[in-house]
Amino acid sequence: MASAVAAGLLAGCAGAGGAASSPRGGAVDVLMVNNPQMVELRKLTAAHFTKDTGIEVNFTTLPENDVRDKAGQDFANQAGQYDVATISNFEVPFYARNGWLRPLDPYAAEDSTFDRADLLDPVRRSLTADDGRLYGVPFYGESSFLMYRKDVFAEKGLTMPAHPTWHQVADLAAAVDGARKGMRGICLRGQPGWGEVIAPLTTVVNTFGGTWFTKDWQARLTAPEFVRATEFYVRLVREHGEKGAAQSGYAECLNGVVQGRAAMWYDATAAAGPLEAAGSPVKGRIGYAPAPVERTASSGWLYTWAWGLQKASRNPDKAWKFISWASGKEYEALVGREAGWAGVPAGKRASTYESRPYRQAAAAFWDVTRASIAATDPWRPGTQPRPAPGIQFVGIPEFSDLGTKVSREISAAIAGRQSVATSLRKSQKMAERIGERYRSR
């Protein structure tokens, strides 16, 4: 049934980027970020998906920043080099508005194995565009939380509060800094990139009472709340964070925690799977607490790496079969059997959290993860109304460039090359230009 729907959609977009036959003979070309869950997917695809369907899949896996650049160029030009790319709830609204994506509702409706109703509401809504149609299918969903070494805390006689504040976390980071040879108190992203240092920093800004823009697009990066949050973040990572913090992102912190170089880590809930995977040196040693707060009740972000099907795809029906398989219940069960249930790409389906094998394997973190996702509100992540949705980002196309430029300024402050005040003065001017454009529309 999905093939018939896909054939109709392909006919409807002939000429969008060219519909010439694929030089690779109809294989599906997938661009995706090189996170552990995607690496596992790549390992399993040939022996299962291709074996069962006969559909070849060519993967290109790159670091997060590179995937964003390459997907943006390919989809904006409708070049059709990639049928499918991992995009996020940040890109989906304006990719859809620009006509770069195929709506996925028809495929999901005709695919009896997909079960769209099983998708978690916050994640599904975040991938639904202004026209009410679904333009992305989640591979995994996530919020953010605090991870900490239970064994180190026990040795130090420390207790993690059930709902920690950031100032409590700073005190704990000082207490556990140096607890083991080469171990720092906390790992926080400092690497440039709006999806790197800006993501956790913006959640700190939110809960300290700050915002990038007021509801009428006044830039507020030099407001006292934004300054206090940024000074707090930079001071914490400089005093008790990882070495080389200005070059450390998600992957570097994950490796550092696995190798025992950090006693705490504030980052994506999706990180728990790799930490608790079979063979992980820290398996069973990590505790999980909600995202630290100051003035808000919660502060976790909402994010999903999702599959976007390019409108110019040459093989949309085959691409949907891959998407449906990779985001389906059976794939999660396959990962559970082959790699362990803790590594299942979770955070997207309600049924995952009703699965007994998953609950047992993810006992340390599944309930914190689900509660964190459920608590997210992209329209009210802080203490004041916002002009655009987004928790760890501002949901406008210009934020990709603005956030990246601001991230370089913040990263320079973390590296000690300039003060926080200087970095935010420069950033404020860039944000003011964006705000002026929106006010004049």
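1. Let me start with a serine: Ser 423 is buried, at a relative accessible area of 0%, where buried means under 20% relative accessible area, exposed over 50% and partly exposed in between (1.4 Å probe, protein chains only). Ser 423 sits in helix α18; helices here are DSSP runs of H or I with at least four residues, strands are runs of E with at least two, and both are numbered from the N terminus. Leaving aside residues up to four places away in sequence, Ser 423 touches Glu 409, Ile 410, Ala 413 and Gln 418, contact being heavy atoms within 4.5 Å.

2. A word on the basis of these remarks: this is a predicted model, in which local features need pLDDT of at least 70 and side-chain atom pairs count only at pLDDT 80 or more, while totals for chains, interfaces and linings use all residues. Residues are numbered from 1 along each chain as its sequence is written, and side-chain values use heavy atoms, with hydrogens and water left out.

3. Now for the partner helix of α18. The axes of α17 (residues 399–414) and α18 (residues 420–439) come within 8 Å and cross at roughly 175 degrees, which makes α17 roughly antiparallel to α18. Axes are lines fitted to C-alpha atoms, for helices over the stretch in contact, and angles run from 0 to 180 degrees between N-to-C directions. Angles under 35 degrees count as roughly parallel, over 145 as roughly antiparallel, 65 to 115 as roughly perpendicular and the rest as oblique.

4. Who meets whom between these two helices? On the α17 side the residues are Leu 402, Lys 405, Val 406, Glu 409, Ile 410 and Ala 413, and they meet Val 420, Ser 423, Leu 424, Lys 426, Ser 427, Met 430, Ala 431 and Ile 434 of α18. By class, this contact has 9 nonpolar, 2 polar and 3 charged residues; Ala, Val, Leu, Ile, Met, Phe, Trp, Tyr, Cys and Pro count as nonpolar, Asp, Glu, Lys and Arg as charged, and the others, Gly among them, as polar.

5. Staying with α17, its 16 residues should span 22 Å at 1.5 Å a residue, and its end C-alpha atoms are 21 Å apart, which agrees. The expected span is 1.5 Å times one less than the number of residues. The buried residues of α17 include Phe 399, Gly 403, Ser 407 and Ile 414, and its buried residues pack against α9, α10 and α18. After the helix comes Gly 416, with a positive phi near 85 degrees.

6. Lys 405, also in α17, is partly exposed, with a relative accessible area of 35%. Lys 405 and Glu 64 are 341 residues apart in sequence, yet 16 Å apart in space, C-alpha to C-alpha.

7. Glu 64 brings us to helix α3 (residues 64–76), whose 13 residues reach 18 Å from first C-alpha to last, close to the 18 Å expected at 1.5 Å a residue. The buried residues of α3 are Glu 64, Val 67, Arg 68, Ala 71, Gly 72, Asp 74 and Phe 75. They pack against β1 (28–33), β2 (57–62), β3 (84–88), α4 (92–97) and β8 (303–309).

8. Two backbone angles deserve a look. Most residues other than glycine have a negative phi. Gln 78, in the loop between α3 and β3, has a positive phi of about 50 degrees although it is not a glycine, and it counts as buried at 11% relative accessibility. Trp 217, in the loop between α9 (198–207) and α10, likewise is not a glycine but has a positive phi of about 65 degrees; Trp 217 counts as buried at 11% relative accessibility.

9. Gln 37, Glu 40, Leu 41, Leu 44 and His 48 of α2 make the contact with Tyr 331, Leu 334, Val 335, Glu 338 and Ala 339 of α14. The classes here are 6 nonpolar, 2 polar and 2 charged residues.

10. Finally, the core. Trp 307 and Phe 322 touch the most other members among the 143 residues of the largest nonpolar core, and helix α10 (residues 224–240) gives the largest share, 7 residues. A nonpolar core is a set of buried Ala, Val, Leu, Ile, Met, Phe, Trp, Tyr and Cys residues joined through side-chain atoms within 4.5 Å.
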